[in-house]
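Please look over the sequence and structure first.

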Amino acid sequence: MTFPPQLPIPDEVLKIAKKLEDAGFETWCVGGAIRDNLLGLENHDFDLTTSAKPADVQKVFKRTVPVGIEHGTVAVLDSANHPHEVTTFRKDIQTDGRHAVVEFGVSLMDDLARRDFTVNAIAYHPIRHEWRDPFQGEQDLAKKLIRSVGDPNWRFQEDYLRILRALRFSARFEFRIHARTLEAAKANAQGLAQLSAERVRDEWFKGIQTAKKLSKLAGLWRDVGAARIWLPELGDTTHIDKLPRDPVIVTAYVAKDPASLLTRLKCSNRDIERGRAIGKWRENYPDPRNAAALRKWLSETGEYADDLLIGGPDSLAKAVAAIRAKHPPLSLKDLAVRGDDLIASGVRPGPDVGEMLARLLDEVLEDPARNTREYLLSRV
Ligand code: ATP
Ligand code: MG
């Protein structure tokens, strides 16, 4: 593979680059969009890297957002309010495996050298159409290789998240991980324990959304030792390739104890509850031929029914669709009587009302035709 003479840079990105160059600041396109375009994949989200310091960028452009100013990143808003990330050439001068102290006023070469993988360390000048590829990223793209920039041990120890990024890119592009990079990833896997749950979760979730094959991604997490630390509940992953790419669903279905895994990953309470429902119900599906059992199941699983259908047999999904098409009463609010009606006909106010309503719902789930005021009050 060789570099194309030009890349199609979106107008808005080009405008930003021109403005910075006109103000005397060297400005290059870098990162994932360069990589993806060289691979023939659509990606218009070009990041810019520049010699301008964050304060310079804020002076040159009227409308900016300081999205990561301590790391040199300012988002410039275009005419459609779309943000474009502009990051100052930087070097990491102090790292602890999680955070970096960065220094500005360095060269493009230094900036490329601090990037994680060779395929992510290619720069393109959008005006002069020049390329800079000091680490042979273009060769690695052609060879389908994920390879650390520089010594992989050092690079992983500077930021352990890079181990997970390597797995994500490998699964997404079906690239091999270079032998020494893979070896270092395994050797440094214990360092992953230092990362925050949020960063790990974001990587795992992005991986789920972008991997060509989920089983490949899960296999990499296991082989490298990342699963041992962050996904110890990971179970059988041979049948996960058919799952929809909803990260919470995938995580729940691959986990032996979904709620504990989603809790470790600091997911929202809502997502943890979704996972808990999957863990609770997935081995306990109703018989698709038994309509009353299906209505009871729909009533009990409530908002989680659709998540659960994903893991059930097709015959169940079909049977449930047929039941739903008839809109049967499934919850207390669907009953033809209210608590007040029960009290009016003699039920003592208090817990008795709830108990009676629940019993009536059971009867109605058994046979929806019973859901009339007359019938239900006759049962009180
Ligand atoms: P994508 O956005 O498609 O996931 P990307 O390569 O653009 O992939 P980003 O996280 O958007 O990834 O980062 C942009 C660029 O910043 C990367 O291409 C890489 O050069 C650099 N980078 C990002 N994270 C790291 C890191 N942890 N260590 C070193 N360089 C990084
Ligand atoms: Mg990106």
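The lining of the largest pocket divides into seven nonpolar, 10 polar and 21 charged residues. In these classes Ala, Val, Leu, Ile, Met, Phe, Trp, Tyr, Cys and Pro are nonpolar, Asp, Glu, Lys and Arg are charged, and the others, Gly among them, are polar. The model is a predicted one, in which local features need pLDDT of at least 70 and side-chain atom pairs count only at pLDDT 80 or more, while totals for chains, interfaces and linings use all residues. Residues are numbered from 1 along each chain as its sequence is written, chains are lettered from A and ligands numbered from 1 in the order in which they are written, and side-chain values use heavy atoms, with hydrogens and water left out.

**Pockets**

A pocket is an open set of points on a 1 Å grid over the protein atoms alone, where a 1.4 Å probe fits, with protein on both sides within 12 Å along at least five of seven lines; lining residues have an atom within 4 Å of a point. The volume is the space filled by probe spheres set on the points, which are joined across faces, edges and corners.

The largest pocket holds about 1,200 Å³ of space. Its lining has 38 residues, and R90, R114, D116, R165 and R199 lie nearest the centre. Elements that each supply at least two lining residues include α2 (32-38), β3 (64-68) and α9. The largest share, six residues, comes from α7. Helices here are DSSP runs of H or I with at least four residues, strands are runs of E with at least two, and both are numbered from the N terminus.

The second largest pocket has a volume of about 380 Å³. It is lined by 16 residues, with H239, I240, L243, Y253 and G311 closest to its centre. Both α12 and α16 (305-311) give at least two residues each to this lining. Its classes are eight nonpolar, three polar and five charged.

**Helix packing**

Axes are lines fitted to C-alpha atoms over the stretch in contact, and angles run from 0 to 180 degrees between N-to-C directions.

| Helix pair | Axis distance | Angle |
|---|---|---|
| α12 (247-254) and α14 (269-281) | 9 Å | about 40 degrees |
| α9 (197-210) and α10 (214-224) | within 9 Å | roughly 145 degrees |
| α15 (291-301) and α17 (314-325) | within 10 Å | roughly 85 degrees |

α15 is therefore roughly perpendicular to α17, a term for angles of 65 to 115 degrees; under 35 counts as roughly parallel, over 145 as roughly antiparallel and the rest as oblique. Their contact (heavy atoms within 4.5 Å) includes L294 and W297 of α15 and L316 and I323 of α17. It has eight nonpolar, no polar and two charged residues.

α12 and α14, by their angle, are therefore oblique to each other. In α12, V248, I249, A252 and Y253 meet D271, R274, G275 and I278 of α14.
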